[in-house]
Amino acid sequence: MTAWRTPDVLAAEDFLRNAVADADRAMRTAQQSLRGKEPSTEDIRRVMQFAKSGDASPAMRQLADRIARGAGLSWRQVLTGEAGHDPLVRQALEADRARLDELIKGETAPPPPPRRPARTDDDEPVQFTEDAW
């Protein structure tokens, strides 16, 4: 009997079904794009450094910790898509997809320009003009 399945529940089920199908499609596409592309040692090194940094998502840091503990999973498996069935791997890849693409391609944004220290009221003027004194 489906009397408890109100129109709102049916709509929520439909939304969830579509979201899962979209996620599955995205994972298949990502796996196909990675398949056949073996990451270089340098790619893996860059991803490992990123995963341990504060810039990585919590899921990526958790994945890095899991791999470091020797949970039978390697960065090579993660980056080639062999570990795509693992929920934590999927979550980490989804969270940091754009940054991982940059790291694997080796294209990183230029570093920001150095910041000047803020000027305080007691700083001496850098340039003097005739009326400065």
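The buried residues of α3 get their cover from several places, including α2 (41–52), α4 (75–80), α5 and α6 (97–105). Keep in mind that this is a predicted model.

Which residues of α3 are the buried ones? They are A59, M60, L63, A64 and I67. Looking down the axis of α3, you'd find these buried residues within an arc of 140°, so they line one face of the helix. P58 and A68, on the other side of α3, are exposed.

**The wider chain**

Stepping back for a moment, the protein chain has six helices and zero strands. Read from the N terminus, the order of elements is simply α-α-α-α-α-α. The chain has 133 residues, and 26% of them count as buried. If you take the contacts between residues at least 6 apart in sequence, 62% of them join residues at least 24 apart.

**α3 against α5**

Now for a helix pair. The axes of α3 (residues 58–68) and α5 (residues 87–95) come within 8 Å and cross at roughly 135°. That angle makes α3 oblique to α5. As for handedness, α3 passes α5 in a left-handed crossing. On the α3 side, the contact is made by A59, M60, Q62, L63 and R66, while α5 brings in L88, V89, Q91 and A92. Sorted by class, the residues of this contact come out as six nonpolar, two polar and one charged.

α5 has a buried side of its own, made up of L88, V89, A92 and L93. Seen down the axis of α5, these buried residues fall within an arc of 130°, so they too line one face of the helix. What sits over them includes α3, α4 and α6.

**α2 against α6**

The other pair to look at is α2 and α6, which pack at an angle of about 145° with their axes 8 Å apart. Here the crossing of α2 past α6 is right-handed. From α2, the residues making the contact are D43, R46, V47 and F50, and from α6 they are R99, L100, L103 and I104. By class, that gives five nonpolar, no polar and three charged residues.

Here are the two pairs side by side:

| α3 and α5 | roughly 135° | left-handed | six nonpolar, two polar, one charged |

**Two single residues**

S57 belongs to the loop between α2 and α3. Is S57 buried or exposed? With a relative accessible area of 12%, against a cut-off of under 20% for buried, S57 is buried. Setting aside neighbours within four places in sequence, the contacts of S57 are with A95 and D96.

E102 is another one to click on, and you'll find it in helix α6. E102 has a relative accessibility of 32% and counts as partly exposed, since that class lies between under 20% for buried and over 50% for exposed. How far is the C-alpha atom of E102 from that of V47? The two C-alpha atoms are separated by 9.8 Å, although E102 and V47 are 55 residues apart along the chain. V47 is also one of the α2 residues in the contact with α6.

How values were computed: Residues are numbered from 1 along each chain as its sequence is written. This is a predicted model: local features need pLDDT of at least 70, side-chain atom pairs count only at pLDDT 80 or more; totals for chains, interfaces and linings use all residues. Side-chain values use heavy atoms; hydrogens and water are left out. Axes are lines fitted to C-alpha atoms, for helices over the stretch in contact, and angles run from 0 to 180 degrees between N-to-C directions. Helices (H or I, at least four residues) and strands (E, at least two) are DSSP runs, numbered from the N terminus. Angles under 35 degrees count as roughly parallel, over 145 as roughly antiparallel, 65 to 115 as roughly perpendicular and the rest as oblique. A crossing is left-handed if the near helix is turned anticlockwise from the far one by less than a right angle, and right-handed if clockwise. Contact means heavy atoms within 4.5 Å. Ala, Val, Leu, Ile, Met, Phe, Trp, Tyr, Cys and Pro count as nonpolar, Asp, Glu, Lys and Arg as charged, and the others, Gly among them, as polar. Buried means under 20% relative accessible area, exposed over 50%, partly exposed in between (1.4 Å probe, protein chains only). The arc is that of the directions from the helix axis to the C-beta atoms.
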